[in-house]
Amino acid sequence: MIDRNQFITDCGAVREQSPLVHNITNYVAMNIAANVLLAAGASPLMSFCPEEMDEIVSISSALVINIGCLDRHEIEGMKAAAAAAHRLGKPWVLDPVGAGASNIRTQTALELIREYHPTVIRGNASEIMCIAGLAIQSRGVDSSASSADAVEAAKALAKATGSVVSVSGATDYITDGERVETITNGHPAMGRITAMGCSASALTGAFVAASSDPFTGALNCMAVMGVAGDIAASKGYRGTGSFQVDFLDALSTMDAAAAAEMIRQ
Amino acid sequence: MIDRNQFITDCGAVREQSPLVHNITNYVAMNIAANVLLAAGASPLMSFCPEEMDEIVSISSALVINIGCLDRHEIEGMKAAAAAAHRLGKPWVLDPVGAGASNIRTQTALELIREYHPTVIRGNASEIMCIAGLAIQSRGVDSSASSADAVEAAKALAKATGSVVSVSGATDYITDGERVETITNGHPAMGRITAMGCSASALTGAFVAASSDPFTGALNCMAVMGVAGDIAASKGYRGTGSFQVDFLDALSTMDAAAAAEMIRQ
Amino acid sequence: MIDRNQFITDCGAVREQSPLVHNITNYVAMNIAANVLLAAGASPLMSFCPEEMDEIVSISSALVINIGCLDRHEIEGMKAAAAAAHRLGKPWVLDPVGAGASNIRTQTALELIREYHPTVIRGNASEIMCIAGLAIQSRGVDSSASSADAVEAAKALAKATGSVVSVSGATDYITDGERVETITNGHPAMGRITAMGCSASALTGAFVAASSDPFTGALNCMAVMGVAGDIAASKGYRGTGSFQVDFLDALSTMDAAAAAEMIRQ
């Protein structure tokens with residue numbers, strides 16, 4: 001079970017420390033991911049220029065790499081950043097967007113994992129199952145598998161890599177290979193707004209930077225995202241446009257103690 | 001005249017089939033175009049990495065190429081994607097953003113048309129007139145000509161290329177060279193929100209994938225966009241921020257049968 | 001003191017002339033910056049392709065370069081654009097995002113200033129102090145200094161370069177090296193929405209293109225941004241999502257005469 005006091009502590013730590021989270025993410029997600037980080041109290045920075053990766057990683061509290069719009073040039077920046085984070089002992093999050101949809105995506109994700117050991121691997125069920133080596137045909141960037149399907153794959157992946165694995169879906173699963181925690185908060189509209197998963201990965205960076213340990217940070221992040229979705233849904237669903245607005249409103253005005261009471265597992 | 005039953009059928013097909021639409025589009029449009037596709041029930045994917053174009057096109061139902069932020073590297077990705085779509089017989093949509101504003105834009109658009117035969121060419125009046133070889137001075141990415149000016153150019157372009165041509169403006173014109181259909185729905189605020197044209201191109205990809213034929217799909221897409229604008233305007237215009245929210249709400253909660261009754265031609 | 005009649009005149013000129021503003025900006029800011037320009041009545045264009053810089057700059061009324069997501073390829077486009085603007089006598093605005101956070105950012109900003117003489121340099125306090133050569137440790141892209149700290153640095157920078165310098169913060173400072181004007185409008189939520197500073201830079205391009213002189217244009221732009229923030233805040237703060245919507249609504253429906261009465265200095 002989630003520790004509600006630790007959840008409140010972590011939410012407060014993100015607001016008070018305002019960790020600088022360096023994102024190498026796709027162009028679809030950049031704006032909303034930055035706004036999600038700001039709404040939660042963190043400080044976003046976006047850069048993929050290989051020449052400045054050492055400097056940027058060294059001033060950041062966490063790194064998030066999302067391979068959604070990768071190309072040769074960005075892969076170079078991703079590797080430079082991951083290498084710097086690994087060398088400097090900074091926590092970093094990998095979101096293997098679309099792993100399984102193309103060879104270059106799958107190979108890039110696997111290489112980043114093998115060489116630079118992400119603190120957290122956060123994806124949807126299809127991506128996690130692909131990365132874990134289970135046979136599944138990815139269908140683009142959306143998930144064709146349910147998150148429950150991926151639980152065993154996630155545990156195996158966490159054990160094999162030492163990374164915390166966070167799988168989003170109707171139920172979110174967070175595992176370190178031994179423990180498995182679930183979060184069932186959230187609303188189906190979150191799957192009909194682009195880059196909510198990418199935003200969860202970005203915010204995982206902030207929580208891992210501010211929390212006591214990566215498993216707790218990854219778990220509390222998914223709880224925050226889900227509760228913000230529930231609060232947005234409580235305004236009455238009028239469509240995906242207003243839902244996105246209500247989601248950012250909920251996140252930016254969230255009372256952590258009240259939110260802790262709303263967590264469902 | 002539009003076939004209202006076919007319109008309802010196509011709207012349902014997009015929701016039920018949720019076609020995966022691969023977009024190579026500009027950075028301004030990516031987020032809103034993805035949200036427009038999701039709101040209508042389609043599934044967006046954005047990639048311009050040449051190395052994965054064959055794989056991505058092969059799993060997609062349609063391709064949309066928008067040259068809004070082109071550079072050498074992206075042109076390489078665009079050509080690889082268009083070649084794959086042409087070879088695999090996948091429908092694809094070209095939005096020649098800013099054609100006429102620079103030589104590289106005009107030449108890229110012409111080369112993509114000549115070599116890879118887009119299923120639909122969708123642009124504003126200035127762009128279509130430029131592409132059709134008529135003399136007009138483009139003024140950046142907005143249109144300095146009315147869509148009515150472009151009707152003859154659009155028909156000629158459709159005849160010469162075999163592409164359906166879709167021209168957006170206060171009145172939208174859709175032609176296959178013989179037939180010309182109009183849509184007069186929509187609101188002037190749509191011209192004051194960035195990337196509404198790019199979003200129309202993205203959604204054209206979804207409708208062409210799901211419809212009985214490209215002409216019908218391109219027409220029904222513009223009807224959906226226009227009716228969503230009308231529904232948003234019916235909330236009372238308060239400015240471009242809330243209009244964009246209301247537009248996504250309208251699109252994501254649209255009742256196709258009710259929308260069919262709102263189409264104006 | 002600000003000239004309220006000139007403020008009204010400039011707001012009208014932006015709407016009537018609808019200056020085409022060419023932006024080379026970061027991927028986080030592109031969509032909101034384009035929507036801010038459209039809301040104020042200007043016409044945005046985004047391109048960083050070196051091959052078309054001469055053509056695009058020649059048809060534009062102003063250029064805005066924002067180094068938020070720079071890399072080698074974009075730096076090439078930035079230099080080509082700045083060179084064209086300088087050669088053609090077009091006003092241009094530099095936003096040195098993150099100057100001080102890495103060597104390549106600082107050097108790129110300094111080189112653009114030295115070689116191509118921006119009409120306006122617009123940044124936050126940390127960036128302006130860094131550029132002005134004062135010792136300050138930049139903390140990513142947000143400002144760790146207050147705008148008041150930067151006043152002397154801004155004046156020195158303006159005198160040394162001949163550029164107008166515009167520093168945003170709780171109080172905005174605009175100086176040409178002799179005159180210093182302040183704007184104290186705005187709301188703290190503007191610092192919790194990504195790319196509001198980048199949007200101010202984009203809009204500065206429109207106002208400098210339409211105004212009688214760069215100092216007046218830069219000042220009136222910051223007044224417009226601040227008043228739009230005040231109008232948005234007057235709706236009652238519900239969170240950063242609705243604040244951004246209300247901000248665009250306020251900007252796109254602003255009555256210049258009423259806004260002039262709201263300016264605080």
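Predicted model: local features only at pLDDT ≥ 70, side-chain atom pairs only at ≥ 80, totals over all residues.
Residues are numbered from 1 along each chain as its sequence is written, and chains are lettered from A and ligands numbered from 1 in the order in which they are written.

Helices here are DSSP runs of H or I with at least four residues, and strands are runs of E with at least two, numbered from the N terminus. Helix α8 of chain A covers residues 196-210 and helix α9 of chain A residues 214-233, and the two pack at an angle of about 135° with their axes 8 Å apart; the axes are lines fitted to C-alpha atoms over the stretch in contact, and angles run from 0 to 180 degrees between N-to-C directions. That angle makes α8(A) oblique to α9(A), given that under 35 degrees counts as roughly parallel, over 145 as roughly antiparallel, 65 to 115 as roughly perpendicular and the rest as oblique.

Turning to the chains, a rotation of 120° with 0.0 Å of shift along its axis superposes chain A on chain C, with an RMSD of 0.0 Å, which is the relation of a three-fold axis; the superposition is by least squares on the C-alpha atoms of residues with pLDDT of at least 70 in both copies. Which residue of chain A comes closest to the rotation axis? Tyr27(A) does, at 3.6 Å for its C-alpha.

The contact between these chains takes 30 residues from chain A and 26 residues from chain C, two residues being in contact if their C-beta atoms, placed from the backbone, lie within 7 Å. On the side of chain A that touches chain C, α10(A) gives the most, with eight residues.

Finally, chain A has an open sheet of eight strands in the order β2-β1-β3-β4-β5-β6-β7-β8, with mixed pairing, where strands pair if DSSP finds at least two bridges between them. Its edge strands are β2 and β8 of chain A, each pairing on one side only. Strand β1 of chain A, residues 20-24, pairs with β2(A) in the parallel sense over four bridges, and Val21(A) has Pro44(A) as its bridge partner in β2(A).
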